[in-house]
Amino acid sequence: MTEVDTDTSAGLNGDTISASAGSVVVFDRSKNGVGEASGAVTSSASWTPPACYYAPKYTPKEIEAQMRQVWESSAPSPEWSLKTQNHFVNGKPYKDFNKEKEGEGYWWDAYVTEGREADPAAQDCDELPFWVDEGDAPPANVPQAITAETLAQLAYAEIRVPSTEVELAPADTTKVNLPTWAWLDTAAFKPVSVTASVPLLGLSATTTAEPVSLEITPGTDDAVTYPAAGQCDIRDGRIGEPYAKGKADETPPCGVTYLRSSGDGSYKLQATVTWKISWTSTTGQGGDLPDGQFGADQDVVVQEIQAVNR
């Protein structure tokens with residue numbers, strides 16, 4: 001699904017212009033993960049996409065309408081009004097909103113990433129709108145100007161991956177000291193991707209998430225995992241191995257053995273898939289972004305093996 005919202009409104013926030021808008025960025029989520037249990041990945045590093053960025057927002061006529069609306073309100077101080085009138089009208093550095101360049105470029109302004117409105121980092125984009133001719137690069141002294149990598153990072157936040165509930169054998173209820181096999185339906189664990197683009201610039205980037213491993217956390221210290229580290233790597237396109245008749249005495253390639261009963265309750269087994277995140281773009285640039293993780297809990301009842309004395 002492709003979505004875009006270009007509805008805008010403007011006001012004054014302190015000494016800077018406050019413009020709200022759905023983003024100029026368009027997201028294609030048609031190759032994303034689906035389903036009620038799907039969710040966003042959490043970066044394995046201390047990293048988040050940018051809280052704000054600059055991108056095309058106004059034509060000369062649009063920014064004139066926005067600014068005259070602000071100037072005619074009671075919000076701006078005389079000093080701010082003079083500063084912005086000099087900036088947009090009086091040739092310091094622009095004259096008459098650059099109306100003589102109508103159709104030859106756009107005024108760039110700040111956008112706040114959805115969901116990051118309360119983030120202090122969203123206030124970092126506090127420059128007055130600036131003009132960029134069509135086909136030109138934005139000023140080099142504006143580090144938050146949108147790039148292919150910025151788009152890739154914004155697409156990262158839109159990635160959704162399928163549920164990580166694992167198949168178990170025995171299912172739901174197992175026995176003390178009995179190896180429990182764990183695996184994931186690999187049909188659901190194929191790479192997913194989101195493409196972010198700015199049609200006005202002919203610029204797009206695709207961010208792809210590919211599953212690489214499954215980590216099993218038994219929910220108790222009284223357990224042994226397979227492998228010992230609890231991390232099951234993807235091999236031959238699958239995570240773990242389904243249990244088959246005749247394998248009762250074998251050690252599962254991915255699974256757990258509980259050493260103590262869960263009593264009247266259950267253990268919370270957590271399955272977390274690590275996704276490798278990479279990106280490509282229409283500029284030819286690309287690379288890796290921090291791995292993402294997504295996990296889910298499920299209840300496992302562990303019973304004592306009952307012996308019958310005759």
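Author: Axes are lines fitted to C-alpha atoms, for helices over the stretch in contact, and angles run from 0 to 180 degrees between N-to-C directions. Helices (H or I, at least four residues) and strands (E, at least two) are DSSP runs, numbered from the N terminus. The model is predicted, so local features need pLDDT of at least 70 and side-chain atom pairs count only at pLDDT 80 or more, while totals for chains, interfaces and linings use all residues; pLDDT is the predictor's confidence in each residue, from 0 to 100. Residues are numbered from 1 along each chain as its sequence is written, and side-chain values use heavy atoms, with hydrogens and water left out.

The axes of helix α1 (residues 60-71) and helix α2 (residues 78-88) come within 11 Å and cross at roughly 165°. That makes α1 roughly antiparallel to α2, a term for angles over 145 degrees. The crossing of α1 with α2 is left-handed, meaning that the near helix is turned anticlockwise from the far one by less than a right angle.

In contact (heavy atoms within 4.5 Å), α1 contributes Ile 63, Met 67, Val 70 and Trp 71, and α2 contributes Trp 80, Ser 81, Thr 84, Gln 85 and Phe 88. By class, six of these residues are nonpolar, three are polar and none is charged; Ala, Val, Leu, Ile, Met, Phe, Trp, Tyr, Cys and Pro count as nonpolar, Asp, Glu, Lys and Arg as charged, and the others, Gly among them, as polar.

As for confidence, the protein chain averages a pLDDT of 88, and 91% of the residues score at least 70. Over residues 1-21, however, pLDDT stays under 50. Where pLDDT is low, the predicted coordinates should not be read in detail.

Note on methods: Angles under 35 degrees count as roughly parallel, over 145 as roughly antiparallel, 65 to 115 as roughly perpendicular and the rest as oblique.
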